[in-house]
Amino acid sequence: MNRLTTSWGAFTLTRFPEDPRDQLRAWDASDEYLLGHLAESGTDLSGTVAVLGDRWGALVTALQAAGPGELVQISDSYLGREATRANLARAGAAPDAVRLLTTQDPPPGRIDVLLVRVPKSLALLEDQLHRLAPAVHEDTVIVGTGMVKDIHTSTLRLFERILGTTRTSLAVKKARLIHTTPDPSLTPRPNPWPHRYDLPADTPAPGLPGLTVTNHAGVFCADRLDIGTRFLLANLPGHLGRARVADLGCGNGVVGLAIALHEPDAELVFTDESYQAVASAEENFRTHVGDGRKAEFLVGDGLADLPDGSVDLVLNNPPFHSHQATTDRTARRMFTDARRALRPGGELWVIGNRHLGYHVTLRRIFGNSELVASDAKFVVLRAVRQG
Ligand SMILES: C[S@@+](CC[C@H](N)C(=O)[O-])C[C@H]1O[C@@H](n2cnc3c(N)ncnc32)[C@H](O)[C@@H]1O
């Protein structure tokens, strides 16, 4: 079930965190299609092979067994990188078999084979192709892959505009390959990322209206203030004193920023599993609050890096999509983790769509859940850690 068979061997692959009840595989037909193509076409892997968007490390785990010259993975996901590490270790790969870079790290200087697992976010693809384009030379082999439903005309246009002439393969098991021939004469427009916009004048939190916020590519709602976030901003707790406050799943960090601006003694911790998100939150905090104020910026799995009982307040707008699967699993994990990280008497404030029924989940985990505010679409809920 969780074994991927390739020309270079069979690999047991898991997602991160591992969940025995989770039947979702750590790869799909597009990974298989790409790996099969590389083997059948005898693609020369003796140079630098860069893999962008490899969700759970299936591509690099298989490719390291092919003995490439240098193998580099570029990922925006902390969870994806942890899965990659575990999958490589299980495959018996040498610790230095794959250079694991984040989307915020400087890319490799020269790339001979560029493999792109098309990410969910077109913005992230645009940003990363711009960043990688200078390392591509006229002989670079560029192959993209993705499920048919995720490859749009706009996706292909990005390859065309930034790298060179692009065509797609026939679909196999609902997956497609993208073949691009590098065109050194292309002069693409400058990278539009990160994107900056001004928070609207009616943003319902003191200090925020009119502030310019930076959004690195791929960050949640990177071009405008999300309506759920707005509703949470309108209903934040006050009088926090010297509270230690975690903005859990911070995105660009506007929620924590609102607290920092309104509560001068509060100590903020921003955390997200996306490197692009935490970089955005840090830039926004440094720009609008300043370097003098103490704050932590953590890329990680929820609050896992915070000790038990170490925070007074957690603010959370949980995702309900996890790598394209609609699920409340991440929200449940976040609430459980928040309970652990809160001190007794500490509070978790959550915004969610009414229909998600988070009050039931919170009651199960905390033993209580109180409605702070609601409108036609959203609820803000408060749960208290009791003992
Ligand atoms: C709905 S967005 C909210 C962003 C921001 N707080 C806001 O309200 O605009 C959810 C965020 O949770 C992050 N996230 C998803 N899984 C996570 C995890 N396991 N640990 C930390 N953050 C996670 C996503 O990257 C995303 O930025």
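**Close-up views of a predicted model**

**View 1. Helix α3 and the elements that cover its buried residues.** The elements that cover the buried residues of α3 include β2 (9-12), α2 (58-64), β4 (70-75), β5 and β14 (295-299). This structure is a predicted model. The buried residues of α3 are Tyr78, Leu79, Gly80 and Arg81, then Ala83 and Thr84, and finally Ala86, Asn87 and Leu88. Helix α3 spans residues 78-90, 13 residues in total. From its first C-alpha to its last it reaches 18 Å, close to the 18 Å expected at 1.5 Å a residue. Gly92 follows α3 and has a positive phi, near 75 degrees.

**View 2. The open sheet of seven strands.** The strand order is β5-β4-β3-β6-β7-β9-β8, and the pairing is mixed. β5 and β8 (164-168) stand at the edges with a single partner strand each, so one side of each strand is left without a neighbour in the sheet. On average, neighbouring strands of this sheet are turned by 20 degrees against each other, direction ignored. Strands of a sheet pair through backbone hydrogen bonds, in either a parallel or an antiparallel manner. Strand β3 (residues 48-52) pairs with β4 in the parallel sense, over five bridges. Within this part of the sheet, Ala50 stands opposite Val72 in β4.

View 3. Helix α5, formed by residues 153-162, lies across β7 (136-147), β8 and β9 (175-182). Its direction relative to β8 is about 150 degrees.

**View 4. Pro106 in the loop between β5 and β6.** Pro106 is found in the loop that joins β5 (99-102) to β6 (111-117). The residue counts as exposed because it has 7 C-beta neighbours inside 10 Å, where the limit for an exposed residue is 12 or fewer. Pro106 and Ile74 are separated by 32 residues in sequence and, C-alpha to C-alpha, by 10.0 Å in space.

**View 5. The shell of residues around the ligand.** There are 20 residues around the ligand, of which Thr229, Gly249, Gly251, Glu273 and Asn317 come nearest. By class, eight residues of the shell are nonpolar, eight are polar and four are charged. Helix α7 (254-262) and strand β13 (267-272) each supply at least two residues of this shell.

Terms used:
Residues numbered from 1 in each chain as written. Predicted model: local features only at pLDDT ≥ 70, side-chain atom pairs only at ≥ 80, totals over all residues. Near = placed C-beta within 6 Å. Helix = DSSP H or I, 4+ residues; strand = E, 2+ residues; numbered from the N terminus. Nonpolar A, V, L, I, M, F, W, Y, C, P; charged D, E, K, R; others polar. Buried ≥ 20, exposed ≤ 12 C-beta atoms within 10 Å, placed from the backbone. Expected span 1.5 Å × (residues − 1). Contact = placed C-beta atoms within 7 Å. Pairing = 2+ DSSP bridges. Axes fitted to C-alpha atoms, helices over the stretch in contact; angles between N-to-C directions.
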